Amino acid sequence: MSVRNGVSDGLPGGDLREWRKPNHADRPVRPVAGEVNGRHAISFAADGPSPDQIRTPAEFMVRLRQLKEWTGFTYRELETRTAEIGDHLPRSTLASTLRRDALPRQRFVETLVRACGLDPVPWTRTRTRLAVRLATAAHPAEPPSSPEPRRVPCQLPVGPPGLVGRDRELDRLVRMLATTPVTVVSGPPGAGKSAVGVRAAHMAAHLFPDGQLYAGLRARAPGAEPPAPAEIAGLLLRSLGVPGASVPADAEEAAGALRTVLSGRRVLVLLDDVATAAQVRPLVPVGGRSAAILTSTAALTSLDGSGCVYLDPLSPDEARQMLERLIGAERVRAEPEAARTLADLCGHLPLGLRLAAARLAARPHWPVRALTERMDDERRRLDEFRVDGMELRASLAVSFEHLARSHDEHARLAARVLGLLAGLPPGEMRLAEAAALLDMSQEAADRALERLVDANLVESRGPGSYRVPDLVRLFALERSGGGGNGRDGGGGGHGARHERPHLWQAPEAHT
Ligand SMILES: Nc1ncnc2c1ncn2[C@@H]1O[C@H](COP(=O)(O)OP(=O)(O)OP(=O)(O)O)[C@@H](O)[C@H]1O
Ligand SMILES: [Mg+2]
């Protein structure tokens, strides 16, 4: 999903992520009089053009052009002045944007008006008013009883044909949707959160007759940033029929326009694979009588109005049923012990089971045991979970990367602690034991472990008790260079795995 500024592309490289508020606080705009190339003196504040009484974007642009004319500045002089106030606008951008009738970006307006020596606030306020009106006028909220036929968006993916288990969770989810504005489906990577979210949305679709929207929010490429709030709001607005050119580029404005369009409607919004609470916070609750389902490995409990349904891995019996469905009951029943072992190796996670089953389905003459034997070698186990571009590593990486690449140093430390934990003998561990083995204070170990629990990378079956699931452990070993196939530049080998860890890369751990 890629959303550019729908109002205007006035600024070069004007991607939303590059938006920054100019810091003019310590840089007062100088009076215009005689400043640039000895131009004549004008007192703008007293009698300059004002944005009052403007009703359309075209009028707004006329007024901006009048402002430029009024100052008498050339584009070259304006360019110099924008650079002086710390937000350089090239003259080509100034000229091409002012020639158009579409609303420019907020930053453009603010910088230009400042460069002309006026207070930008009335201008930016007017621009915001026009942008919101444009977005909503393009698709006004209709009363529920509107006799006009309306195209109802039904964007939900189809989802798997039949889910194994999850009846209790689905039941709870659907009941919550009737009463809770935001419902989060959370759980470990690959637990089936998206599948359950999609199924629940289908089951509850009749409660939302004005449509069901879907947006997949995972980053499009490894290492890429996941979509930002303004991009997500833009996608939803366009899905609701708002023309791209009317979609505000500013996150707050776009979120406001979304709430306006949704007011008076009953729409269900499924935001799938949400990375962090910050990614969706401006957008939810979506408002009115609409509701949102969010799926995420993060708990997202800090979101206003949210309730949570947690997905554990499947039970051993459900995992066997899933294998039976995917590779046939005869094959599973012919090797019950191997099938049980395979389910264990998959951590009873639907994604692992699905990928392992896909391998076997493509090899109808292999016994199940052949795959479990290949998986016996921990160094290549994760490689066995890779089929047709789908990979278990990719799911594990999502949660891990959010920590490892976070701006928060505690999150980054948690990612490094996971690498250290992966080098310890597998199994349940008490906090004091973990702290001693990690050579950390209990307080620091507690903070890192709880962070890992929040990210669903470590299990906690009770206070002070922790376990790194096997597949997470193997992934973290790979990432820390302590094992696996060395694809990430590792070379430590598995031999070193159970030794007392070194605090490589983790100086903060000594707290
Ligand atoms: N209960 C289930 N029964 C049958 N298939 C399932 C079930 N849950 C999930 N699946 C299938 O398992 C695979 C993984 O599920 P899904 O993508 O929903 O997991 P996820 O938790 O959203 O993963 P991620 O952490 O990567 O977002 C999908 O192919 C899905 O169709
Ligand atoms: Mg998912």
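Trainee: Which residue stands opposite Arg-430 in strand 10?
Mentor: That would be Ser-465. Keep in mind as we go that this is a predicted model.

Trainee: Okay, and how do strand 8 and strand 10 pair, parallel or antiparallel?
Mentor: Antiparallel, over two bridges, with strand 10 covering residues 465–467.

Trainee: What's the strand order in that sheet?
Mentor: The order is 8-10-9, in an open sheet of three strands with antiparallel pairing. Strand 8 (429–430) and strand 9 (459–462) are the edge strands, each pairing on one side only.

Trainee: How many bridges join strand 2 to strand 3?
Mentor: Five, and strand 3 takes in residues 268–272. One pair to look up is Gly-216 with its bridge partner in strand 3, Asp-272.

Trainee: Switching to the ligand: how many residues surround ligand 1?
Mentor: There are 20, and the closest are Gly-192, Ser-194, Ala-195, Pro-350 and Ser-395. By class, the shell has nine nonpolar, seven polar and four charged residues.

Trainee: Which helices each supply at least two residues of that shell?
Mentor: Helix 8 (193–204) and helix 15 (350–361) both do.

Trainee: Where does ligand 1 lie relative to the domains, and why?
Mentor: Ligand 1 lies between domain 2 (167–310) and domain 3 (316–376), because both give residues to the shell around the ligand.

Trainee: What about phi of Arg-166?
Mentor: Phi there is near 70°, a positive value in a residue other than glycine. Arg-166 belongs to the loop between helix 6 (121–138) and helix 7 (167–179).

Trainee: Last topic, confidence. What pLDDT does the protein average?
Mentor: The average is 82, and 82% of the residues score at least 70. Among the elements, helix 14 (residues 336–345) has the highest mean, 97, while helix 1 (residues 44–47) has the lowest, 54.

Trainee: Where does pLDDT stay under 50?
Mentor: One stretch is residues 1–45, for which the model has 88 contacts beyond four places in sequence. Another is residues 484–511, with 57 such contacts.

Trainee: How should low pLDDT coordinates be read?
Mentor: Where pLDDT is low, the predicted coordinates should not be read in detail.

Technical notes:
Residues are numbered from 1 along each chain as its sequence is written. Chains are lettered from A and ligands numbered from 1 in the order in which they are written. This is a predicted model: local features need pLDDT of at least 70, side-chain atom pairs count only at pLDDT 80 or more; totals for chains, interfaces and linings use all residues. A residue is near a molecule or strand if its C-beta atom, placed from the backbone, lies within 6 Å of it. Helices (H or I, at least four residues) and strands (E, at least two) are DSSP runs, numbered from the N terminus. Ala, Val, Leu, Ile, Met, Phe, Trp, Tyr, Cys and Pro count as nonpolar, Asp, Glu, Lys and Arg as charged, and the others, Gly among them, as polar. Domain bounds come from an automatic or database domain assignment. Two strands pair if DSSP finds at least two bridges between them. pLDDT is the predictor's confidence in each residue, from 0 to 100. Two residues are in contact if their C-beta atoms, placed from the backbone, lie within 7 Å.
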